[in-house]
Amino acid sequence: MNLSCITIIGPDRPGIVASVTEVLALTSCSIEDSEMAILHGHFAMMLVVSSPKDIYAQDLELSLTELSSELGLTIVARPLDDSVLAPASSSEITGGPADSQLGKEWYINAYGQDRVGIVHAVSTCLAEHSVNILNLRTQLSSGSTQAVYAMVIHAQVPAAVDESELQDALSIVAGKLNIQISASPVEDSTL
Amino acid sequence: MAIRQVLEIPHTVLSTPTKPVAKISDFESNLAQDLIDTMRASPGCVGLAANQIGIPLRAFALDVSGHKKTTECHGLIVLFNPEIQTKQGLETIREGCMSVPHFTADIPRAFEISLTGLTHEERPIEITTRGFEARAVLHEIDHLNGLVFLDRVTNPSNLFSRKVYLASPDR
């Protein structure tokens with residue numbers, strides 16, 4: 001089995017996912033992880049696929065060439081190193097960091113008047129505290145008065161991080177950029 | 001009294017916690033009427049907090065009667081110094097806001113709540129409600145605490161821009 005990452009970008013239209021996955025199914029590829037979004041009207045998708053042992057990333061890219069020309073898409077397939085596993089999986093095998101050391105998941109939400117450098121400032125603050133961003137989404141929208149920028153980050157905050165220190169650091173960033181930032185651990189609701 | 005302009009983010013009045021009212025005088029009574037008038041004049045609006053119309057006081061107006069998601073309803077509610085007393089259950093629903101016209105988001109909130117506050121006659125009142133009305137109350141009290149629903153998004157995928165998507169081209 002070979003693992004590949006396929007990235008697809010291009011003008012949005014109905015049927016892109018159906019067309020791409022048709023080619024993958026005909027090539028006996030299995031989609032393991034995928035994410036699709038429309039960014040500023042452009043289709044963007046990433047897929048991690050496993051293919052039979054005699055089919056490699058370059059074969060997948062070749063099989064998608066006709067489709068990319070037809071739909072005006074840029075499609076790139078690259079081999080993926082499957083030895084890179086998520087920390088939770090590796091800990092099961094190798095006795096890596098326990099859950100308690102991994103810390104908590106947090107949501108960090110920021111919004112305000114649009115300006116250059118919001119993502120950079122917030123992500124730099126998080127990186128300085130060894131916070132790992134798991135998912136990030138930004139949206140720029142024009143309101144009736146001015147452009148408003150909104151960002152939602154899902155992140156892993158290590159147990160060693162002082163939570164109030166992280167809150168204070170984010171407040172300083174918010175003050176400097178004149179934006180609102182709220183950050184809180186994920187509330188685990190066991191029902 | 002008057003239909004007031006509804007402020008939009010990033011206005012600082014919307015991100016600053018409001019102050020409790022000391023007593024309900026003419027100013028507060030007029031505020032209550034302005035909240036009702038502005039809410040009634042805004043299509044689709046079921047609630048309005050005082051700081052949304054630029055007054056940094058703890059007061060809101062709310063009326064979910066007639067809304068398709070309403071299951072429990074107390075009609076028109078105008079409350080000063082509202083405080084949540086109990087919260088139970090959890091439900092996630094797509095929310096929008098007149099002060100955040102550019103986005104919507106799926107927001108988890110308590111399903112059933114009880115709250116206390118003062119009526120416009122300065123009479124203490126306790127209300128227990130659930131479903132959409134409870135959500136609307138929590139949304140308004142968030143405003144009074146300087147928060148909008150963007151502060152409550154709990155997953156990056158749950159934030160949506162109010163955009164017009166491309167129409168299907170002919171294939």
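Predicted model: local features only at pLDDT ≥ 70, side-chain atom pairs only at ≥ 80, totals over all residues.
**Exercise 1. Find a cis peptide bond in chain B and a positive phi in a loop of chain A.**

Step 1. The cis peptide bond joins B:Ile9 and B:Pro10, with omega about 5°, and B:Pro10 belongs to the segment before helix H1 (26–41) of chain B.

Step 2. In chain A, the loop between H6 and strand E6 (132–142) holds A:Ser130, which has a positive phi of about 60° although it is not a glycine. With 13 other C-beta atoms within 10 Å, A:Ser130 is partly exposed.

**Exercise 2. Describe which sides of helix H7(A) are buried and exposed.**

Step 1. Check the length: at 1.5 Å a residue, the 15 residues of H7(A) should span 21 Å, and the end C-alpha atoms are 21 Å apart, which agrees. The expected span is 1.5 Å times one less than the number of residues.

Step 2. List the buried residues of H7(A), which are A:Leu166, A:Leu170 and A:Ala174. They cover an arc of only 80° around the axis, which puts them on the same side of H7(A); the arc is that of the directions from the helix axis to the C-beta atoms. An α-helix has 3.6 residues a turn, so residues three or four places apart point the same way.

Step 3. Turn to the other side of H7(A), where A:Ser164, A:Glu165, A:Asp168, A:Ile172, A:Gly175 and A:Lys176 are exposed.

Step 4. Identify the packing partners: the buried residues of H7(A) pack against E5, H6, E7 and E8 of chain A. Just after H7(A), A:Asn178 takes a positive phi of about 55°.

**Exercise 3. Which residues have the most contacts inside the largest nonpolar core, and which elements supply it?**

Step 1. The largest nonpolar core has 36 residues, and those with the most contacts inside it are A:Ile108, A:Tyr111, A:Met151 and B:Leu150. Such a core is a set of buried Ala, Val, Leu, Ile, Met, Phe, Trp, Tyr and Cys residues joined through C-beta atoms within 7 Å.

Step 2. Two or more residues each come from strand E5 (104–113), helix H6 (118–128), strand E7 (147–157), helix H7 (163–177) and strand E8 (180–185) of chain A, together with E5 of chain B. E7(A) gives the largest share, eight residues.

Step 3. Leaving aside neighbours within four places in sequence, the contacts of A:Tyr111 include A:Met151, A:Ile179, B:Ile9, B:Pro10 and B:Leu150; two residues are in contact if their C-beta atoms, placed from the backbone, lie within 7 Å.

Step 4. Apart from this core lies another, of 27 residues, among them B:Leu48, B:Ala59, B:Leu62 and B:Ile77.

**Exercise 4. Characterise the side of chain B that touches chain A.**

Step 1. In the interface, 22 residues of chain B are in contact with 27 residues of chain A.

Step 2. On the chain B side, strand E5 (100–109) and strand E8 (159–161) each supply at least two residues, and the largest share, three residues, comes from E5(B).

Step 3. By class, this side has 11 nonpolar, seven polar and four charged residues, where Ala, Val, Leu, Ile, Met, Phe, Trp, Tyr, Cys and Pro count as nonpolar, Asp, Glu, Lys and Arg as charged, and the others, Gly among them, as polar.

Methods:
Residues numbered from 1 in each chain as written. Chains lettered and ligands numbered in written order. Helix = DSSP H or I, 4+ residues; strand = E, 2+ residues; numbered from the N terminus. Buried ≥ 20, exposed ≤ 12 C-beta atoms within 10 Å, placed from the backbone.
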